[in-house]
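Please open the structure in a viewer and keep the selection tool at hand.

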Amino acid sequence: YGDVYLDLGLLYKEMGDYKRAEEWLKKAANLDIFERRYLAYFELAHIYKSLNKEKEYIENLKKAIDLYPRFKEALLELGNYYYSHKKYDYAEKYFSQYLTFYPLDAKVKLKLIEVLTYLNKFSQAKKLLKEILDTTQDPNIYNQAQKLLTWVLKQEALWKLKFQKSKIHNP
């Protein structure tokens, strides 16, 4: 019945009947024998997002990932959510998990480099940048990486300067 419940939930979601969509998607998500439960949770997350229920949105994305750790779309969505909310430690977690399964995605690597820089993890950011610059064949990715390298080096210099000033004022 899992696929039927999922399909009914998606149909009601498409029609804008979120209450019924939620009901059917929850049934699909709660079926332990349903292999694609992760999709039900993912779709539930989108319903909650549409209803501005942020907590439920995040919870359901996490449940989808728990059930299917390689779930590309959910990993990216959660990483981008945390990035946009400046919760960089969480963004790092989900972008890193994504790259564990999809290591050739240079665009996500570039995003992770930004996150690492915001977390003052400059050596990790520079290592990833070197990897991209040494291996990419895409001129757009290469140019983005070059610009990002300049920004990372500037942020690192500013951080070191700030750190030195704090040592001078607070020996």
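Predicted model: local features only at pLDDT ≥ 70, side-chain atom pairs only at ≥ 80, totals over all residues.

Select Tyr48 together with Glu22, Lys26, Lys53, Glu56, Tyr57 and Asn60: apart from neighbours within four places in sequence, these are the residues that Tyr48 contacts, where contact means heavy atoms within 4.5 Å. Tyr48 belongs to helix α3; helices (H or I, at least four residues) and strands (E, at least two) are DSSP runs, numbered from the N terminus. Tyr48 counts as buried because its relative accessibility is 5%. Buried denotes under 20% relative accessible area, exposed over 50%, and partly exposed the range in between, with a 1.4 Å probe and protein chains only.

Residues are numbered from 1 along each chain as its sequence is written, and side-chain values use heavy atoms, with hydrogens and water left out.

**Further along helix α3**

Next, select Ile47, also found in helix α3. Is Ile47 buried or exposed? Ile47 counts as buried because its relative accessibility is 0%. Its contacts, leaving aside neighbours within four places in sequence, are Lys13, Tyr18, Ala21, Glu22 and Leu25. Between the C-alpha atoms of Ile47 and Leu78 the distance is 15 Å, with 31 residues separating them in sequence.

Proceed to Ala45, which lies in helix α3. Ala45 has a relative accessible area of 0% and is therefore buried. Beyond its neighbours within four places in sequence, Ala45 is in contact with Tyr57, Asn60 and Leu61. From Ala45 to Asp66 the C-alpha distance is 14 Å, and the two are 21 residues apart in sequence.

Arg37 is the next selection in helix α3. With a relative accessible area of 16%, Arg37 is buried. Which residues does Arg37 touch, not counting those up to four places away in sequence? They are Ala28, Ala29, Leu31, Asp32 and Leu67.

**The crossing of α3 and α5**

Display helix α3 (residues 37-50) with helix α5 (residues 72-84): their axes come within 11 Å and cross at roughly 35 degrees. The axes are lines fitted to C-alpha atoms, for helices over the stretch in contact, and angles run from 0 to 180 degrees between N-to-C directions. The crossing of α3 past α5 is left-handed, that is, the near helix is turned anticlockwise from the far one by less than a right angle. To see the contact itself, select Phe42, His46 and Lys49 on α3, and Glu73, Ala74 and Glu77 on α5.

**Two loop residues**

Move to Lys86, in the loop between α5 and α6 (88-101). Lys86 is not a glycine, yet its phi is positive, about 60 degrees. Lys86 counts as exposed because its relative accessibility is 62%.

Then select Asn120, in the loop between α7 (106-118) and α8 (122-135). What is phi at Asn120? The value is near 60 degrees, positive in a residue other than glycine. Asn120 counts as partly exposed, at 36% relative accessibility.

**Thr117 in helix α7**

Thr117 is located in helix α7. At 3% relative accessibility, Thr117 counts as buried. Select also Phe122, Ala125, Trp151, Val152 and Gln155, which Thr117 touches when residues up to four places away in sequence are not counted.

**The whole chain**

Finally, display the entire protein chain. Its secondary structure comprises nine helices and zero strands. The radius of gyration, taken over C-alpha atoms, is 20 Å, well over the 16 Å that the globule rule gives for 171 residues, so the chain is more spread out than a compact globule. That rule is 2.2 Å times the number of residues to the power 0.38. The C-alpha trace spans about 65 × 45 × 25 Å along its principal axes. Of the 171 residues in the protein chain, 38% are buried. Among contacts between residues at least 6 apart in sequence, 44% join residues at least 24 apart.
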